[in-house]
Amino acid sequence: MSHHPVTPQDIEKAIRNVADFPQPGIQFKDITPVLADARLFQGAIDLLTAHWQPGQVDAVVGIDARGFIFAAAAAVQLKAGFVPIRKKGKLPFKTYEQAYDLEYGSNTIAIHVDAVKPGSRVLLVDDLLATGGTAGAAASLLQKIGAQILEIDFLIELKFLEGRKRLPDNLPVRSLVAY
Ligand code: AMP
């Protein structure tokens, strides 16, 4: 049992690489070992929220589905609200939708039209930045409803995919572990 503060290297060691999941050629980054370890999970949330104090953030927005886990915990830590961005067709009330291109085909995500008040200060959180299509579309939805995005945060970034290029270029983007 270690008692030093959790570092990004500790988190990196716990992330499990699963080759060829969900399809051949994909190196899937499995974060469940991080979640299952109380110290690493708390440490990951501490690192994700390190720039912010309660009172500085109105809501933490998480992206379906693994983004919810980190965003919800970060929201509690920052005494902020939690807002989900979901795959199309899952949210029950009126929504805005945003489509984005995948390698093959496209995807659509949605947010409730009243999820945050215009001018609200939000963090956008997901588990992993790959091509940036998902987070880029999520940022567009937040801009459509008038949220002020303070920062976009990921546990993991696959740098070689250059996902930052698909994110708004005036916003801070941080990741804890990069490959
Ligand atoms: P992208 O839109 O290409 O940036 O993909 C990001 C989304 O897909 C995130 O919500 C991730 O959870 C998921 N994702 C993409 N690639 C991987 C991967 N290699 N391992 C785990 N999750 C991934």
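D64 is buried, at a relative accessible area of 14%, where buried denotes under 20% relative accessible area, exposed over 50% and partly exposed in between (1.4 Å probe, protein chains only). This is a predicted model, in which local features need pLDDT of at least 70 and side-chain atom pairs count only at pLDDT 80 or more, while totals for chains, interfaces and linings use all residues. Residues are numbered from 1 along each chain as its sequence is written, and side-chain values use heavy atoms, with hydrogens and water left out.

**Salt bridges**

The structure holds 10 salt bridges, each defined as a side-chain nitrogen of Lys or Arg within 4 Å of a carboxyl oxygen of Asp or Glu. Three of them are listed here.

| R86 | D64 | 3.4 Å |

The partner of D64 is R86. R86 belongs to strand β4 (residues 81-87) and D64 to the loop between β3 (59-63) and α4, so their pairing ties together parts that are 22 residues apart in sequence. Helices (H or I, at least four residues) and strands (E, at least two) are DSSP runs, numbered from the N terminus. R86 is partly exposed, at 26% relative accessibility.

D153 is buried, with 1% relative accessibility. A network of salt bridges links E151, D153 and R174.

**Nonpolar cores**

A nonpolar core is a set of buried Ala, Val, Leu, Ile, Met, Phe, Trp, Tyr and Cys residues joined through side-chain atoms within 4.5 Å. The largest has 28 residues, and I11, V57 and V60 have the most contacts inside it. Two or more residues come from each of α1 (8-14), α3, α4, β7 (121-129), β8 (148-157) and β9 (173-178). A second, separate core of 26 residues includes V61, I85, V122 and F154.

**Packing of α3 and α4**

The axes of helix α3 (residues 38-48) and helix α4 (residues 66-77) come within 10 Å and cross at roughly 70 degrees. The two helices are therefore roughly perpendicular, a class that covers 65 to 115 degrees. F41, Q42, I45, D46 and L48 of α3 meet I69, F70, A73, A74 and Q77 of α4, contact meaning heavy atoms within 4.5 Å. The contact residues comprise 7 nonpolar, 2 polar and 1 charged.

How values were computed: Axes are lines fitted to C-alpha atoms, for helices over the stretch in contact, and angles run from 0 to 180 degrees between N-to-C directions. Angles under 35 degrees count as roughly parallel, over 145 as roughly antiparallel, 65 to 115 as roughly perpendicular and the rest as oblique. Ala, Val, Leu, Ile, Met, Phe, Trp, Tyr, Cys and Pro count as nonpolar, Asp, Glu, Lys and Arg as charged, and the others, Gly among them, as polar.
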